[in-house]
Amino acid sequence: MSSHPQSAAHGQPMVHEHIVPVSTYLAVFITLLIATGLTTWVAFQDLGNWNVVVALVIAVCKASLVVLFFMHAKYNKGLSRIVLVGAVFWLGIMITFTLADELTRHWQISPQPWAGAIIPVIHRLLF
Amino acid sequence: MSDAALAHGDNPTGFAHQFEDLEQQHDAGRMGMWIFLATEILFFGGMFTAYTVYRSLHPQAFLLGSHILEVKFGAINTAVLICSSFTMAMAIRSAQTGKRKGAIIGWLIPTMLLGATFLFLKFRFEWYHDYIEHTMPGFGFHYKPEWGAHAPQVQMFMCFYFFMTGLHALHMIVGIGILLVLTCMAARGRFTSQYYAPLEISGLYWHFVDIVWIFLFPLLYLIRY
């Protein structure tokens, strides 16, 4: 930090941050603990393909609580929110585009009925 | 501000002269931390993406691999990290509300201890156990007969497990180091209700590391069906 003699004279206006009440922090804290118990319990229930969906929904809810209240994103304004949204958006691009490639690699392209009929015709006309 | 700090020539307000005022300085610092966290999201995101691809290719092996891990340790450690996020938030709040430095330190020390508890459980009961049981890739990984043809992919799952939890643990160690510095700063009376930006910015980092674990826990430990 600067020890410039003038700096103490600046320092105005005061920092006016929203102070989150202890009750809000406690409520978020207890909700997070309950959600941890819930996600552990639900993992042992056979929901088929929905197990991973439920686990991720609970994880996203927990992460949102941490971001909004513990990290004060709910009370922040402007740019730092844009950075957060941008980061999540780019993460979405990385995962979506990677899966769009990976999950479609083994798709079989089935010949269309009309193609089976028309290709010999074209072949005969040209050759 | 303590007299000792003034005597050492410290700036009592923590104000750096290149900024218009403390509020702008505070906003700039927080903004910088969010940009760093954006890079961290994409850094961990690369591993989460790789995890997603391999899990979609080998779902059965990931199921078998997840059974190597003990849910109780994952769940306890999740709770430990959530507690540490709460104590971190309270440390910042006590600075914001102008509490005595003892109150700030009184929240910072439990935060560090909870972080250390997480690492102790992870190293002592999980990784050490994996090492003994030969389920640590690179340290004599033994295929188990019940894995059958999936064994190489189970080993792949354990690679994901060690890289993801390893990088997370590295972030925890860095975080505890940052908390030590903050505790020293608090002990020297550096924080006031007007100047607590280092606390808040380090808090953002600490909460981010908690969020990474919130996703790691269900993705690694909770594959049961």
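**Ground rules.** I number residues from 1 along each chain as its sequence is written, and I letter chains from A and number ligands from 1 in the order in which they are written. Because the model is predicted, local features need pLDDT of at least 70 and side-chain atom pairs count only at pLDDT 80 or more, while totals for chains, interfaces and linings use all residues.

**Chain B, overall.** I looked up the secondary structure of chain B and found seven helices and zero strands. Helices (H or I, at least four residues) and strands (E, at least two) are DSSP runs, numbered from the N terminus. Along the sequence, chain B reads α-α-α-α-α-α-α. Its C-alpha trace spans about 70 × 30 × 25 Å along the principal axes.

I then checked burial. A residue is buried if 20 or more other C-beta atoms lie within 10 Å of its own, exposed if 12 or fewer, and partly exposed in between, with C-beta atoms placed from the backbone. Of the 225 residues of chain B, 42% are buried.

Next came contacts, meaning pairs whose C-beta atoms, placed from the backbone, lie within 7 Å. Among contacts in chain B between residues at least 6 apart in sequence, 78% join residues at least 24 apart.

**Helix α7(B).** I found 24 of the 25 residues of α7(B) buried. I also checked its length. The expected span is 1.5 Å times one less than the number of residues. For α7(B) that gives 36 Å, and the end C-alpha atoms are 36 Å apart, so the two agree.

**The core.** A nonpolar core is a set of buried Ala, Val, Leu, Ile, Met, Phe, Trp, Tyr and Cys residues joined through C-beta atoms within 7 Å. The largest one holds 77 residues. Those with the most contacts inside it include Ala91(B), Phe191(B) and Leu216(B). Elements giving two or more residues include α1 (22–43) and α2 (50–70) of chain A, and α7 (197–221) of chain B. The most come from α7(B), with 18 residues.

I followed up Phe191(B). Leaving aside neighbours within four places in sequence, Phe191(B) contacts Ala95(B), Ile104(B), Met185(B), Ala186(B), Tyr196(B) and Leu199(B).

**Where the chains meet.** The contact takes 50 residues from chain A and 48 residues from chain B. On the side of chain A that touches chain B, α3(A) gives the most, with 13 residues.

**Domains of chain A.** Chain A is divided into domain 1 (18–75) and domain 2 (76–106), with bounds from an automatic or database domain assignment. Their centres, taken over C-alpha atoms, are 21 Å apart.

Notes. Two residues are in contact if their C-beta atoms, placed from the backbone, lie within 7 Å.
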